[in-house]
Amino acid sequence: MSTRIAFLKGHGTENDFVIVPDPENAVDLPPAAVAALCDRRAGIGGDGLLHVVRSAAHPEAAEMAAEAEWFMDYRNGDGSVAEMCGNGVRVFARYLQRAGHATEGDLAVATRGGVKKVHLSKEGDITVGMGRALLPEGDVTVGVGGRSWPARNVNMGNPHAVAFVDDLADAGELSAPPPFSPASAYPDGVNVEFVVDRGPRHVALRVHERGAGETRSCGTGACAVAVAAARRDGADPARTGTPVTYTVDVPGGTLVVTEHPDGEIEMTGPAVIVAEGEIDTEWLASAARRGA
């Protein structure tokens, strides 16, 4: 482990992340170390960690290096690996811009969910091409406190269960994963969104993120919710040839999600870097040993 490890802290609609720049993939970040860094009382604190690595230097991204110079090695707050994080991609892009690795305009970012196209606008917001949603067949239910609701199974490179409820308070306390059925629908767990209507093509959500608990925002979740809401409302751009846009309020702000006729989904929202510093490597090594 390096004797000095730089970090930054950033957020997108208050979905916050520890950022560890590591172009050559030289920093050892086992799950226990990531969990310690994301701990809000004993660490830096974050919903997840963005490990910034050149694609060519990471075995999971080397095949994407020709398309995207940088790989977002994303970890959940508990240290587990995740396929994708929509708010994280925006914050990742903002870091690359701050570090001089990217400028206003278009950028490609490699993720475990594939290469994502990013646009950094002059106005400050960042748009991410989130890929296409998959809508697996089969009935799914989710529950909280003895109540249950039907949910739409949506995959955005990671799994989501979207439930429409009368009131966001119906979701109760979301620190623990809401039960779902059938178990076979999500063998590796699921992100669960509870959704209410705010107006025409305008919804609001609360979310339990797999491996993080309730968070202030979830980018892939906002996309999953927009797709589920569009289908519920009878809108399918692939059939009509017309893009569909939903405004999605999250506890930490607002995201705008557009689904295009070819199935591609774009999400636009803010991304902010708030601090930077250095990690105490002795503390990190000790935390990793304790959690091993």
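**Group meeting: a walk through the model**

Hi everyone, let's start with Ala82, which is buried at a relative accessible area of 6%. Buried here means under 20% relative accessible area, exposed means over 50%, and partly exposed is in between, using a 1.4 Å probe and protein chains only. Before going on: this is a predicted model, where local features need pLDDT of at least 70, side-chain atom pairs count only at pLDDT 80 or more, and totals for chains, interfaces and linings use all residues. Residues are numbered from 1 along each chain as its sequence is written, and side-chain values use heavy atoms, with hydrogens and water left out.

Back to Ala82, then. You'll find Ala82 in the loop between β4 (70-76) and α2 (86-98); helices (H or I, at least four residues) and strands (E, at least two) are DSSP runs numbered from the N terminus. What does Ala82 touch, leaving aside residues up to four places away in sequence? Tyr74, Asn76 and Arg112, where contact means heavy atoms within 4.5 Å. For a sense of scale, the C-alpha atoms of Ala82 and Thr247 are separated by 25 Å, and these two are 165 residues apart along the chain.

Now the cores. A nonpolar core is a set of buried Ala, Val, Leu, Ile, Met, Phe, Trp, Tyr and Cys residues joined through side-chain atoms within 4.5 Å. The largest one has 53 residues, and Met72, Val118 and Val248 have the most contacts inside it. Helix α3 (residues 219-232) gives the most to this core, with 9 residues. There is also a second, separate core of 17 residues, which includes Ala161, Leu168, Leu174 and Tyr186. Looking at Met72 itself, and again not counting residues up to four places away in sequence, its contacts include Leu50, Met84, Phe92 and Arg112.

Helix α1 is mostly covered, with 6 of its 8 residues buried. Those are Ala32, Ala33, Val34, Ala36, Leu37 and Cys38.

Last, some backbone details. Most residues other than glycine have a negative phi, and most peptide bonds are trans. Thr13 has a positive phi of about 45° without being a glycine, and Thr13 sits in the loop between β1 (5-12) and β2 (15-21). Thr13 counts as buried because its relative accessibility is 2%. Asn25, also not a glycine, has a positive phi of about 60° and lies in the loop between β2 and α1 (31-38). Asn25 counts as partly exposed, at 26% relative accessibility. Finally, the peptide bond from Ser181 to Pro182 is cis, with omega near 0°, and Pro182 is in the loop between β11 (180-181) and β12 (191-199). Thanks, everyone!
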